[in-house]
Amino acid sequence: GVNVELEELRQSNVVRLIQLHGTGDAESDLAVMETAAYEHGVRDAFAASSKDRKGCVGLHPYSIDLCTWFISFLPRWTGKFVRHEAIRLALLDDDDTSTAASGLRLPAPCRDLSKVIHHLIGIGLLLPRNAGSTSVRQSDTSYWFTLPCMGVAAKSVADGRKRVLGKLKRSNYGEVRRAALEVGTLPSSKRAGASQSLVRSDGAGGGGSGGSGGGIGMPAAFHIRDLLSRGEVRIRDTPAGQFIRIASASSSK
């Protein structure tokens, strides 16, 4: 099924689950993004950090080193979050050039665990998952993978979900041919940033045909994949092709 396929892609680091932090459902509100697009967003975040002075100022001179290190460990960190202890071990791993995943020996300032985590949070790549909890040991603390401006993208994703589900509910038979549903781009915020990276996850720009409005839209195909990963819609295979229907409607048939 689709969930099995997505899980295999996630474990092989082809796609990633990115925390949206903006729609009110912290534990389950995740977007599927191709790893190549996420890495592009990571590079953008590091490049911008020196200009906007976010994160740990002392680490700005080492942005390229840290960026290379962070991306090199993504194949090991394939979950929707990474634990404090995993980051610590990754920094220790880098101390041994024979086992370093990146083949890069980080400068001494970049091996300070607290500074590195502070920097990654500050530039918008990590988001504390259990912040404020007094019962969680520091080694068990974990951080969502995210990108700068994901709050902006979150609204676009939430709006896109509503539009797609609305089309399905209004259809004559409660389902729509997938090829027809995926045509075009759904309108979203006019602001750039993480929204563009999400658009790139489907290999399309924000100005695709079929979209309304002049803003940066996400391809309808992105929203279909997103809803499939959340289990809100299902695929029905027919000789005429695939049809998408709301999961509750599928279970009643």
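Q: Why is Ser 49 called buried?
A: Its relative accessible area is 1%. Buried means under 20%. The value 1% falls under that cut-off, so Ser 49 counts as buried. Bear in mind that this is a predicted model.

Q: Where does Ser 49 sit, and which residues does it touch?
A: Ser 49 belongs to helix α2. Leaving out residues up to four places away in sequence, Ser 49 touches Lys 54, His 60, Ser 63, His 119 and Ile 123.

Q: What makes Ser 50 buried, exposed or partly exposed?
A: Ser 50 is also placed in helix α2. Its relative accessibility is 28%. Buried needs under 20%, and exposed needs over 50%. The value 28% lies in between, so Ser 50 counts as partly exposed.

Q: Which residues does Ser 50 touch, not counting residues up to four places away in sequence?
A: Ser 50 touches His 60 and Ser 63. The C-alpha atoms of Ser 50 and Ser 63 are separated by 7.9 Å. Along the chain, these two residues are 13 residues apart.

Q: Why are α2 and α3 called roughly antiparallel?
A: Helix α2 covers residues 35–52, and helix α3 covers residues 63–72. They pack at an angle of about 160°, and their axes are 10 Å apart. Angles over 145 degrees count as roughly antiparallel. The angle of about 160° passes that cut-off, so α2 and α3 are roughly antiparallel to each other. Their crossing is right-handed.

Q: Which residues of α2 and α3 make the contact?
A: From α2 come Tyr 38, Glu 39, Val 42, Arg 43, Phe 46, Ser 49 and Ser 50. From α3 come Ser 63, Leu 66, Cys 67, Phe 70 and Ile 71. By kind, the contact of α2 with α3 holds 7 nonpolar, 3 polar and 2 charged residues.

Q: Are α3 and α5 roughly parallel or roughly perpendicular, and why?
A: Their axes come within 12 Å and cross at roughly 85°. Angles from 65 to 115 degrees count as roughly perpendicular. The crossing of roughly 85° falls in that range, so α3 and α5 are roughly perpendicular to each other.

Q: Which residues meet in the contact of α3 with α5?
A: Leu 66, Trp 69 and Phe 70 of α3 meet Val 116, His 119 and Leu 120 of α5. The residues of this contact are 5 nonpolar, 1 polar and no charged.

Q: Which residues of α5 are buried?
A: Helix α5 runs over residues 113–122. Its buried residues are Leu 113, Val 116, Ile 117, His 119 and Leu 120.

Q: Why can we say that the buried residues of α5 line one face of the helix?
A: Look down the axis of α5. The buried residues fall within an arc of 160°, so they line one face. After α5 comes Gly 124, with a positive phi near 90°.

Q: Why is α9 described as largely enclosed by the rest of the structure?
A: Of the 10 residues of α9, 8 are buried, so the helix is largely enclosed. The buried residues are Ala 220, Ala 221, Phe 222, His 223, Ile 224, Asp 226, Leu 227 and Leu 228. Just after α9, Gly 231 has a positive phi of about 75°.

Q: How do you know that Asp 226 is buried?
A: Asp 226 lies in helix α9, residues 220–229. Its relative accessible area is 0%. The cut-off for buried is under 20%, so Asp 226 counts as buried.

Q: Which residues is Asp 226 in contact with, leaving aside its neighbours within four places in sequence?
A: Asp 226 contacts Leu 30, Ala 31, Val 157 and Arg 161. Asp 226 and Val 157 are 69 residues apart along the chain, yet their C-alpha atoms are separated by 8.6 Å.

Q: What makes the phi of Asn 13 worth a look?
A: Most residues other than glycine have a negative phi. Asn 13 is not a glycine, but its phi is positive, about 65°. Asn 13 sits in the loop between α1 (2–11) and β1 (15–19). Its relative accessibility is 14%, under the 20% cut-off, so Asn 13 counts as buried.

Q: How many helices and strands does the protein have?
A: It has 10 helices and 10 strands. Of its 253 residues, 44% count as buried.

Conventions. Residues numbered from 1 in each chain as written. Predicted model: local features only at pLDDT ≥ 70, side-chain atom pairs only at ≥ 80, totals over all residues. Heavy atoms only, no water. Buried < 20%, exposed > 50% of the residue type's maximum accessible area, 1.4 Å probe, protein only. Helix = DSSP H or I, 4+ residues; strand = E, 2+ residues; numbered from the N terminus. Arc of directions from axis to C-beta. Axes fitted to C-alpha atoms, helices over the stretch in contact; angles between N-to-C directions. Parallel < 35°, antiparallel > 145°, perpendicular 65-115°, else oblique. Left-handed = near helix turned anticlockwise from the far one by under 90°. Contact = heavy atoms within 4.5 Å. Nonpolar A, V, L, I, M, F, W, Y, C, P; charged D, E, K, R; others polar.
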